[in-house]
Amino acid sequence: MSDIIEKNDTPEPSEASQVAAFGGGQATEAAAVEVPAYMPRRTIGQMLRGELGFLPVLFTLLVIVIYFQITTGGLFLTPVNVSNLMGQIAYVGILGLGVIMVLLLGEIDLSIASVAVLCSVIMADLSERSGAPGWVAILAGLLTGVVIGFINGFFVAVVRVPSFIVTLAASIGYAGLLLNLLHGQATLIINNAFILAIAGTAQSFLDNNVAIILSVIVVALFAAGLVFNYVRRKRAGLKTSSLLWLVGQIVIVALLVGGAVAVFISYKGVPYPVALFFGLIAIFWLIMTKTSFGRHVYAVGGSAEAARRAGINVVFIRIACFTLCSTLAATGGIVLASRGTAVASQIDPTLLLNAIAAAVIGGVSLFGGRGSVWAIVLGVLIIGSLVNGLALINQGTDVSEMVEGVVLLIAVTVDALVRRAQMRTGR
Amino acid sequence: MAENITPSTGEMSSPSPEHPLNGEPRLRMRGISKSFGAVRALYQADFEVYAGEVVGLVGDNGAGKSTLIKVIAGVGPADEGEIFLEGQKVSIPNPQAANRLGIETVYQDLALCDNLDVVANLFLGREERSFLQSLDEVDMEKRGLSVLRSLDVKIPSVRSTVATLSGGQRQSVAVAKSILRQATVVLLDEPTAALGVAQTRQVLNLIRRLRDQGLAVVVISHNLADVFEVVDRVIVLRLGRRVGTFDIKTTTPEQVVAAITGAEFGELLATNGTTPTNDSSGGR
């Protein structure tokens, strides 16, 4: 093919000079193809539906934060409360991250709460009753998640049962299984020091020096990646973002990371679960945006048929996503158990809904193929802030759940409207 | 080539033109038959396309166009018949085999992922990777731009999602995708259906570019105006048989329509295959 391209490499000169005017002489490689004038003029509304889709969510979060900051008389944004809040939402966020993996396929997993608790029960059973070492118990819990996810994925991808039903059945079944494993015991106290160290002790915080070093490394890697990419694109003659935006991105990320770490350190430090949460997001962000696997997940979510014809193994992608989802659910369950220093036969009914709601409120489409893993941060912050803030002003679960329901409905409505608008402008 | 199916060559005038590219066609099919139960979708049909030419495949609904395309694309292999690629006998049992042989089909639905950008779509399923298996976006974008430029495609940005492109631009992206897959034969299924005037122009221009690059292009279309504008030869199917081959330079649309509908024959084609077919629009 390359020889064919070589032959026709030179566009007619008049044409080239014509379009060079559009390209602003910036990128000769792109000039012949990319005609920005062809870009339909976009309204602010359209931009909000596109890459700036997180702005309304961010705005909502800011409104909520400001409201509670005022009504609680400044209690809300104290390092103590922020630290507590983050600790409360980290495990929900980890579950939500898993939900994103299946939402991106246009599927749903209703079994995450059951799976989370079941895996923590298996872990607790091994460590407390059988006396297994903590890390073995944790590994067994995670492995259970892997197996469950694989089974879910198998039924969805191979047998082609709707994921809604498969995971609903799984949810009920595993809830029964965990009751069975607990032998009618309502709670099983965890005493294993290794497991408790994750989130259940006063020492479950990153060493401040480690936290600072880690955050510096993360920001440095991010900056290096951006600069490396910028230089490569420049060399290849491709369009590049402006230098100002490049520096701006680095500054924004540095401020966010530095600010967050500073807030945590001014209380007790960065809680392990929070570090784990953000670490997992960073890893999944890399997987979803920088690897073929991630690209294929988005492709299957966008159009499974197109993906199949492109030679993508759709069955594998589906099974992998369900496996990742359940494994993350198991991770969240283990953190939850450690934080509560016990596992209970009762599955918190808000766990499932909060995790799914956080993903959707954050901007991940229920219809598949759209949304970033970072959405979970905003989503979980909104939900966490509502719960935490309403508790601070002495409102009970009743008000909290009503408000949460409204916010969720708004988020899903926005998602559906965006999808409709895109289908209108799509062709 | 037309000799294969016309015993009475003396009757022909306009059909089976002297093709400029003599020699072995890039893709040749001989005696292709396919039945679906009692329905004979194709009977002893022949087909050929040369490198550097555009062949229009036309026919009424149920004439066997789609069946023939599915045979070539490997989606629905023929019951009998032979396929030759560059003179070599090949079998195309499945779509993967067709792709390996350099035969790419652009279906009407285009098979693009709306939520991905142009570059991602172009390289879907065969992404280029570099450091630690990470996607080599720079290289992909460069190669993608180069192919789009060779096809004279104009789009807002290769980083805009396919959902934001017009119908003609989407068609262009789908075609560019097949080029990137080292296609030597490109089948286009109704490429101008549902496109506006300007976009149709864009796609026809694209088809000419493909021909100029030495590809063998097959266009299935209902729109005779578009067919006449861009193809070199027209092959007409009727009731599963090839009933005519026309050089576009010496043919009028009326003749092609007559062949499609069988108007000048005044009789329905015998479907049992005993009577040989006239390979023309009649004995003019």
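Trainee: Which residues of α7(A) and α17(A) meet?

Mentor: I112(A), A113(A) and A116(A) on the α7(A) side meet L351(A), L352(A) and A355(A) on the α17(A) side. Contact here means C-beta atoms, placed from the backbone, within 7 Å. The helices are DSSP runs (H or I, at least four residues; strands are E, at least two), numbered from the N terminus.

Trainee: How do the residues of that contact divide by class?

Mentor: Six are nonpolar, none polar and none charged. Nonpolar covers Ala, Val, Leu, Ile, Met, Phe, Trp, Tyr, Cys and Pro; Asp, Glu, Lys and Arg are charged; the others, Gly among them, are polar.

Trainee: What should I keep in mind about the model and its labels?

Mentor: This is a predicted model: local features need pLDDT of at least 70, side-chain atom pairs count only at pLDDT 80 or more, and totals for chains, interfaces and linings use all residues. Residues are numbered from 1 along each chain as its sequence is written, while chains are lettered from A and ligands numbered from 1 in the order in which they are written.

Trainee: Why is α7(A) called oblique to α17(A)?

Mentor: Helix α7 (residues 112-129) and helix α17 (residues 349-361) of chain A pack at about 125 degrees, axes 8 Å apart. That angle makes α7(A) oblique to α17(A). The classes are: under 35 degrees roughly parallel, over 145 roughly antiparallel, 65 to 115 roughly perpendicular, the rest oblique. Axes are lines fitted to C-alpha atoms, for helices over the stretch in contact, with angles from 0 to 180 degrees between N-to-C directions.

Trainee: What is the handedness of the crossing of α7(A) and α17(A)?

Mentor: The crossing is right-handed.

Trainee: What makes α6(A) and α16(A) roughly antiparallel?

Mentor: Helix α6 (residues 79-103) and helix α16 (residues 314-340) of chain A pack at about 175 degrees, with axes 8 Å apart. The pair is therefore roughly antiparallel. Among the residues in this contact are Y91(A), I94(A) and L95(A) of α6(A), and F322(A), L328(A) and R339(A) of α16(A). By class, the contact has 16 nonpolar, four polar and one charged residues.

Trainee: How many helices and strands does chain A have?

Mentor: Chain A has 19 helices and two strands. Chain B has eight helices and 10 strands.

Trainee: What percentage of chain A is buried?

Mentor: Of the 427 residues in chain A, 42% are buried. In chain B, buried residues make up 54% of 284. Buried means 20 or more other C-beta atoms within 10 Å of the residue's own; 12 or fewer is exposed, in between is partly exposed, and C-beta atoms are placed from the backbone.

Trainee: What makes β3(B) a mostly covered strand?

Mentor: Six of its six residues are buried. V54(B), G56(B) and V58(B) point one way, and V55(B), L57(B) and G59(B) the other.

Trainee: How many bridges join β3(B) to β9(B)?

Mentor: Five, and the two strands run parallel. V58(B) has V236(B) as its bridge partner, and L57(B) stands opposite I235(B). Four bridges join β3(B) to β8(B), also parallel. There, V55(B) partners V218(B).

Trainee: Which strands of chain B make up the open sheet of four?

Mentor: The order is β2-β1-β4-β5 (chain B), with antiparallel pairing. The edge strands are β2 (39-49) and β5 (88-90). Five bridges link β1 (residues 27-36) and β4 (residues 80-85) of chain B, and R30(B) partners E82(B). Helix α1 (residues 65-73) of chain B packs on this sheet, touching β1 and β2 of chain B.

Trainee: How many residues does each chain give to the contact of A with B?

Mentor: Chain A gives 40 and chain B gives 36. On the chain A side, α14(A) supplies the largest share, six residues. That side divides into 19 nonpolar, 10 polar and 11 charged.

Terms used
Contact = placed C-beta atoms within 7 Å. Left-handed = near helix turned anticlockwise from the far one by under 90°. Pairing = 2+ DSSP bridges.
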